[in-house]
Amino acid sequence: MSPIPALPLWFIWAFLSALCASASAVFGKIGLGGIDADLATLIRTLVMAIFLPLLILATGKLSSPFALSQQTWLFIVLSGLASGLSSFCFFRALKQGDASLVVPVDRLSLLMVALIGFTFLGERPSVIGWAGLLFVAGGGILLSLA
């Protein structure tokens, strides 16, 4: 009997990200009961702005941001803006709809990332990968229609 191969580290981090994202959606939906979605997004962002520097300090990963290239700064800032807008839209959707319906539509980002990765980053999912992405996208749309 052969041993079970170890999971790649990227997979473990991605799975933990999915676990945290699901907790974020559920906790967010519960917390949105008596608050405006935009204010809730601000509070969540402030919590992250305090938590993440503490986490980076605790793990010893703090380095000088001034050593980064202009291109790195540009794309990290653009990523932050996109993430902020995503949170803004996500909390508004959660305020108005069920988490079990909002999250699958939000996860259509999987297909969008694959298309953008294919177009601009030279990433080439396999035929099975594309099929899986289409199933996920189709499932998200079907769930939203339920």
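**Exercise 1. Which residues in α3 meet which residues in α4?**

Solution. This is a predicted model: local features need pLDDT of at least 70, side-chain atom pairs count only at pLDDT 80 or more, and totals for chains, interfaces and linings use all residues. Residues are numbered from 1 along each chain as its sequence is written, and side-chain values use heavy atoms, with hydrogens and water left out.

Step 1. Take contact as heavy atoms within 4.5 Å. On the α3 side stand Ser86, Phe90, Ala93 and Leu94. They meet Ala99, Val102, Val103 and Asp106 in α4.

Step 2. Sort by class. Ala, Val, Leu, Ile, Met, Phe, Trp, Tyr, Cys and Pro count as nonpolar; Asp, Glu, Lys and Arg as charged; the others, Gly among them, as polar. The contact of α3 with α4 has six nonpolar, one polar and one charged residues.

Step 3. Axes are lines fitted to C-alpha atoms, for helices over the stretch in contact, and angles run from 0 to 180 degrees between N-to-C directions. The axes of α3 and α4 (residues 99–106) come within 9 Å and cross at roughly 150°. That makes α3 roughly antiparallel to α4. The cut-offs: under 35 degrees is roughly parallel, over 145 roughly antiparallel, 65 to 115 roughly perpendicular, and the rest oblique.

Step 4. α3 passes α4 in a right-handed crossing. A crossing is left-handed if the near helix is turned anticlockwise from the far one by less than a right angle, and right-handed if clockwise.

**Exercise 2. Describe how α4 packs with α6.**

Solution. Step 1. α4 and α6 (residues 127–145) pack at about 150°, with their axes 8 Å apart. That makes α4 roughly antiparallel to α6.

Step 1. The crossing of α4 and α6 is left-handed.

Step 2. Leu101, Pro104 and Val105 in α4 meet Gly140, Leu143 and Ser144 in α6. By class, this contact has four nonpolar, two polar and no charged residues.

**Exercise 3. Is α2 oblique or roughly antiparallel to α3?**

Solution. Step 1. The axes of α2 and α3 come within 9 Å and cross at roughly 130°. That makes α2 oblique to α3.

Step 1. α2 passes α3 in a right-handed crossing. From α2, the contact takes Ala37, Asp38, Ala40, Thr41 and Arg44. From α3 come Ser87, Phe88, Phe90, Phe91, Arg92 and Lys95.

Step 2. The residues of this contact divide into five nonpolar, two polar and four charged.

**Exercise 4. Characterise the largest pocket.**

Solution. Step 1. A pocket, on a 1 Å grid over the protein atoms alone, is an open set of points where a 1.4 Å probe fits, with protein on both sides within 12 Å along at least five of seven lines. About 1,100 Å³ of space lies in the largest pocket. That volume is the space filled by probe spheres set on the points, which are joined across faces, edges and corners.

Step 1. Lining residues have an atom within 4 Å of a point. The largest pocket has 28 of them, and Ser17, Ala21, Arg44, Ser83 and Ser86 lie nearest its centre. The elements giving two or more residues to this lining are α1 (9–31), α2 (37–58) and α3 (70–96).

Step 2. The lining divides into 15 nonpolar, ten polar and three charged residues.

**Exercise 5. How many helices and strands has the protein chain?**

Solution. Helices (H or I, at least four residues) and strands (E, at least two) are DSSP runs, numbered from the N terminus. The protein chain has six helices and zero strands.
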